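Let's take a walk through this protein together, with an eye on its charged residues. Please have the sequence and the 3D view open as you read.

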Amino acid sequence: MEVNSSYSADRSALFQFNENICLCAGAGSGKTSVLVEMYLALISGESSFNKPIPLEQIVAITFTEKAAAEMRRRVRETIEQKLLESGERTSWVKRLRSLERAHIKTIHGFCAGILRENPIEAAIDPAFTILDDYEASEIMEQIVHEVVMGGLDSKEPIVNKLVYDYGFSGYNRVSGFKDFLKRICLEVYSSGLSWDKIDQMNERNYYRAEELLCSRISSIEEDLERLIRLSKQGAIKKSTKSYSYIEDLVRRYHMAANTREDKLIERGGALLALEDYMKSPWPAVVKDLKKNLQESFSEMKEAYYQLLSCEHLDGFQQMLKKVTQSYQDWKLDHGVLDFDDLQIKVRDILKTSRKIRGELKDRFKIIMLDEFQDTNGVQKEIVYYLCESLGSESFLSEQDSYQDIIKLHPRKLCIVGDPKQSIYRFRGADVTVFLEMQSELEGEEAKGKNVSFSENFRSQKGIVEFSNHFFGFIMSGGKERYEVNFNRDDHQEHQRKLQYGGPRVELIKIKRGESSEKKRKIEASAISRRILEIVQPHSSVTVYERGENGGEKRKPHPDFSDIAVLFRRFTHIKLYERELRRRNIPYYVVKGRGFFGCQEIKDIINFLKYLDGENDEVALVGILRSPLFGISDEALYWLFKGVEKEKRPLCLEGISEQFIKVKSEINIENIHKIEIFLDLFNQLRDKKDRFSGAELIEYILRMTHYDSIMLTTFQGEQKVANIKKLIELSRAFAKKTTGLLRDFTTYLSRLAEEDSMEPEAQTSLEDANVVRLMTIHQAKGLEFPIVFLPDTGYSLKRESNYILFDESKGLALKLYQEVQGTYESTMVHREITKMLDRKEYAESKRLFYVAATRARDYLVLSGERPKKNIECWRAWLDQFLELHPEWVREVEEEDINDLSPSNGKNLYQIYQGYQMIKKVEVGRSKETEGLTQRILQQSCFYRSFPVEEFYTTVTALSEYMVCPQRFYYLQYLDLDEGIMSALEGDGRRFLREGGTEAIRTMSSMEKGNLVHFILEHINFHFDLDRKKKQINDLVINRGFLPEGKEVEELRKDILAFLSSDLGIALSQIKEGHVFREIPFMLRLQGNGSPHMVVLQGVIDLLFRDCEGVWTVVDYKYSVGREIDRERYRIQLMAYALAVAKRMREGKVRALIKVIEKGEVTSQEWCFKEITLKNFEKQIVSATYEIVRKQVEGTSVLWDRSEREECSYLDCVYRKRCNT
């Protein structure tokens, strides 16, 4: 295999795979690319195996789904290239076809595959589903609550004591007993440790505490005896003030010494009462003695409380076991697994079933793992079992350590990683796992090889050398396993051939003295101003873009899209967003955590909350003030003024009554808005129990145009995308639960209150010319020309919890002492706390390394100078700069210019279009006006971002393709056909025959919706009586009485369909082979167009007939008018196209089943590939026309002259069209 000449000699040898390999390399060294190249070398036969290894025999584990998809893409592209170049087409075609079966997955995806193959051995449901993190957390929360309440109800003393000492649940960021129980239960289970091992650790801790207590009692007694001797010898003068304290101490000591020696805890307690004497002043002659006593008392105290805490620890552990067992039982009953189960259950079956281990060892010839520094102990154990030497499989007992028993195969394993980039401890990652594996592979038996890369292909020289020196300075001298050291061997050599003098790292210095919020505002302002400076045409900051031949070309000036701002967390991101908006800097927040904190989401949640119970006045005020209705504060004042207490909270009737009373005090505009609110709310009252959450939100949007209003605001596309995401979340929620509005609003409210990690919707803004805001964790694996790293002055703080768990130490807690009202630290709690602090401290350095090494061309750091003895990034920087000031350019915050338009300098002047304006003489001609308009659009500093995806529905598309003018009336003017009938004097829809007003009956739409609902849920396999009963139940479910005449007619129609040829056929097809109400999203793109058309719809029914042809069925309750029949044909073609693309079929059958008056009629089409391809072009063309008309004009562009003659005589818009 040809190896790029820039690679080191190690890289060339690496692809031979002569032994187990541990590849360790720093940021920007191309280690992940090497993994891909090694994979290709193995499948092409260019390794020491001397023959191609089939894709199915190689396992490549990546850290994320995105990384797996990227690796698969790169492998596919290389295979396709080989296919074009190689003479051995057959072998490369075979590899290309096998790629879908390749094991390029995350560890969870890989483990899920093994479990699905071995469900009996794993004791799980073969059709298990996987709980997401939120669902697992919710279930655990519920189980914890039930277990704790059960203990309280049964008056278990230890449960009462634990709840009393630690509180029932948390408040104001302070955890309670339930919170501790839930968190530690998850930590214990994800560790993979058995209860026996935890018991052993607890027992070991008890004996250590007992030994320490005994030792410290002896030390204290010896020191006190020495004090007594000194006192008797007159070393302590009686005239000194402290003499009386010491005399009293000696007297109390003699009393304590009378405690029986076999009562160790009592002796400890008696001596501990003397600790207060350490606080008083002692004479200089016994100063050292006092210091010794203070240290001994401190250690004795922790050991004493450790022994006293045994009852609490035992009780807490019993509660943990109950919760864990209940959680496991619940998952088993519901056929689900969580992400921890996937790894632990695979580990267990590989350990206990030597047969399965042997089969998997033989099947998988090569195991490759990327980002191994972010794995855990369970994953390492799985790797050991899969990489065991061939031959017999070793037996392991429960007590055996797999490292002692399992011998690794000498040529099967390749791990890739960088311990300096291990930053996922909060997800259970353990950097020591990588270091242990590295050491074990170097051992005599493993016969492995450690390889290091020293090249850096990413960053400029100034950044590489800064990183070498700075991180070598702060990441050195670590003695613990988790403290990764940056040694001389870790220094990198820059490979980019750019000759640029001067530092490539900048520090913006923020002065001390302000409040935290004020300092962050100053820093955010400084960053936004510096960004504006950087994007100027003659910026001092240079960036480069890669050319096609691998070379680099300097850009005229940096763009916004070259800049990324990386945060440790998004806690204060709104401050930075505000400053960017102030200066009209376009930005994009990448997968932030603030979805439920977005105002547009809060507005809709408020609406649904009030609709559910009409008892939440806070939600009501939020609705009325929001852009949904935009009612002024003055109008709200009158609306709520003088309402009697017994009428609060205001329901809809109460609002209506109050509105009538105060109407004269409110202006016309607000009167109109309140009337709209009352009217809409009355409509929704009737629908809330029949509509799903998604349908309710869509109805609210349709009636208020809220999404259109949001689109006109800053980052409008993002807000509309968030609203669409909320609709999709509600659909997903409805599939998993009852779909009741109350459940949905409770779910949304809880997520909003908990500051859920749910990110905002992803939009096309990601690829636009915008500054990206993201967390450092999100930026891992990415690179940017310019990186800003704010808040370096943030001090390292870790929340201290009263109850802790550690895999090496076991359980520990602080013991509550009611008399003192304090929580006393125990021996193990102090040890774990100290260790967690050091781990946090070590990982913070690694996080800094990851953040700094994302920059290609320029790195900007900012933050205030910390107080003395405060550990933080800025403190480390200051210490480093005292020794090496040459690597960083320091800038004072106040020295950064403000080029925002508010300061009189309009930034749009830097764009090329501004200069072109001077050359244009604006006259009255259309040509010059058009040219000026185009130039102004190009010149404007803040312009809307280009829309790269156009969304439309099958229904809307069919309306347009039948008649654009009709589409305009329906979709843009919201003139439904009933309103048009009234406007044109056609009373058919509202009057009985004879002219009297009609009694309320079911509309055609309501009948159609009910038929769809019943056919979606009916069991085709039931006998006739059970089908009738189920139909009645479904009718009641939708809020209708089953005895009504119209419902009786519907029942006959549905039974007629079920008795038809299709109904009988469906009853004979297996339930899993018939698909109902299938939502789809079809992406289509015209030739050469950058825009994507996204077509959305729902297929009523889909099945595969006996000939293997996929068949689409669409139900219609009435035959409809001619114009409707044409729309139905177009809709079916769209459904057929979606099926053909998804199933990769060349032919799709489509049926319309018309159900009406006890009869079932049908119309059938068979759409072939050429027909569907032509239809796809028509869809794209029609959608582009819709968008063009939407962007460029109003009704003039929906010109009715497009249709010279209208053949749809029954269209209610026909008179309006005047054709």
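Predicted model: local features only at pLDDT ≥ 70, side-chain atom pairs only at ≥ 80, totals over all residues.

Two helices, α10 (195-232) and α14 (310-334), each supply at least two of the patch residues. The largest share, three residues, comes from α10.

Other charged residues are paired. A search of the whole structure finds 71 salt bridges. One of them joins the side chains of E371 and K780, at 3.1 Å from N to O. These partners sit 409 residues apart, E371 in the loop between β6 (366-369) and α17 (377-386) and K780 in the loop between α32 (776-779) and β17 (784-789). E371 is buried, with a relative accessible area of 14%, and K780 also counts as buried at 14%.

Next, find E436 and R481, whose closest N and O atoms are 2.4 Å apart in a salt bridge. E436 belongs to helix α19 (residues 431-441) and R481 to the loop between α20 (461-474) and β10 (493-494), so the pair ties together parts 45 residues apart in sequence. Here E436 is partly exposed at 23% relative accessibility, while R481 is exposed at 54%.

A further salt bridge brings together the side chains of R1127 and E959 (3.6 Å, N to O). R1127 is buried at 10% relative accessible area, and E959 is buried at 6%. Finally, salt bridges with shared partners join R458, R496, R546, E552, E783, R856 and D857 into one network.

Terms used. Residues numbered from 1 in each chain as written. Heavy atoms only, no water. Helix = DSSP H or I, 4+ residues; strand = E, 2+ residues; numbered from the N terminus. Salt bridge = Lys/Arg side-chain N within 4 Å of Asp/Glu carboxyl O. Buried < 20%, exposed > 50% of the residue type's maximum accessible area, 1.4 Å probe, protein only.
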